[in-house]
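Please read it alongside the sequence and the model.

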Amino acid sequence: MQSFVMKEIGETGIVEKEKPEAGPMDAILKPTKGLVCTSDCHTVHGAIGERENLTLGHEVVGTVEEVGSEVSNFEPGDRVAVGAITPDWNSEAAQDDHPSQSNGALGGWKFANVKDGAFQEYVHVNDADGNMAHIPDGVSDHEAVYTADMLSTGFAAAENATIPMGGTVAVFAQGPVGLMATKGARLQGAGEIIAVETVEKRQELAREYGADHIVDFAEGDPVEEIMSLTDDRGVDAAIEALGADQTLQDCIRVTKPGGTVSNVGYHGDGEFRHIPREEWGVGMAEIDIVTDLCPGGSLRIRRMLRMLENDLVDPTKMTTHEFDFEEIETAFDLMDEKEDDIIKPLIHFE
């Protein structure tokens with residue numbers, strides 16, 4: 001089969017690989033739709049270290065090709081979504097309510113990290129009963145593929161922000177995760193949403209997904225503008241959806257004492273992140289800093305699919321480009337360079 005791989009740091013390409021085999025609890029998926037993520041770009045640039053001929057990709061839906069002998073909820077031909085994060089559900093971390101960290105930090109992140117990912121003609125899914133969900137008839141594959149990561153991660157950012165009903169929230173960066181965090185904040189009952197973004201297309205989508213104010217960081221200090229918008233009170237919660245040192249600092253600077261900073265950004269470079277001491281109340285301002293890796297699992301995916309089925313969110317507005325699998329290198333390069341106003345590229349496998 002053909003696989004789109006990270007050959008080594010800084011180099012990608014399509015290579016031939018053997019079709020994967022299913023263990024007793026596993027499934028083999030034949031992809032129909034996929035999405036390229038900025039996380040794939042971080043990986044290729046060395047954010048998680050050296051990898052050799054590792055298949056990229058973690059956002060995929062498709063048709064079940066094969067199931068292991070112990071899989072009870074799926075059979076060949078089923079149309080399914082699979083999470084970007086595929087925890088080991090019998091792990092100690094899963095039992096301790098942190099399944100994404102199963103068997104070590106980020107241990108639930110297997111695709112394009114410790115095993116081949118989704119950008120190939122057949123995809124191996126571990127613990128299939130716990131990590132896949134049936135796609136309802138009324139939900140398209142295009143819609144469903146967003147449940148793998150963008151919906152789950154963006155909504156987790158809003159959930160973890162503990163935004164009070166009618167409260168204020170600032171969402172830093174309006175890439176796909178930030179846009180879904182903005183939508184999630186609106187669904188969570190935020191009374192005022194401030195989106196920080198400079199790209200016009202992303203600003204427009206942020207407004208569509210519920211932002212009340214747009215702060216363009218290219219035109220001024222976002223901290224000063226957010227404080228002005230909140231009469232110097234600060235926000236109840238700030239969401240970091242970029243993965244940058246400065247953005248994390250700004251989140252802390254605009255969060256009121258007792259508030260929450262919710263981080264879902266992928267901090268792919270540098271050894272440390274800095275905390276502004278004074279705004280942090282010299283360590284005692286009771287500002288919670290909460291981090292999360294995309295929640296995985298069949299229950300989570302079913303909930304996201306239910307929201308799609310009931311028209312609570314339309315993530316397909318973020319799809320700006322479409323490519324066949326044979327063109328995936330072009331899609332990856334566009335996403336890496338953020339060219340042509342790209343937000344999210346959809347990959348057609350068939």
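In this predicted model, R253 and D250 form a salt bridge at 3.6 Å, N to O (a side-chain nitrogen of Lys or Arg within 4 Å of a carboxyl oxygen of Asp or Glu). By this rule there are 13 salt bridges. Residues are numbered from 1 along each chain as its sequence is written, and side-chain values use heavy atoms, without hydrogens and water. Local features need pLDDT of at least 70, side-chain atom pairs count only at pLDDT 80 or more, and totals for chains, interfaces and linings use all residues.

- D250 is buried at 8% relative accessibility, whereas R253 is partly exposed at 27% (buried is under 20% relative accessible area, exposed over 50%, partly exposed in between, with a 1.4 Å probe and protein chains only).
- Through shared partners, salt bridges join D250, R253 and E279 into one network.

**Between distant parts of the chain**
- E65 and K19 form a salt bridge at 3.9 Å, N to O.
- E65 lies in strand β5 (residues 59–67) and K19 in the loop between β2 (11–16) and β3 (27–35), so the pair ties together parts 46 residues apart in sequence.
- D212 and R186 form a salt bridge at 2.8 Å, N to O.
- D212 sits in the loop between α7 (200–208) and β11 (213–215), and R186 in helix α6 (residues 176–187), 26 residues apart.

Key: Helices (H or I, at least four residues) and strands (E, at least two) are DSSP runs, numbered from the N terminus.
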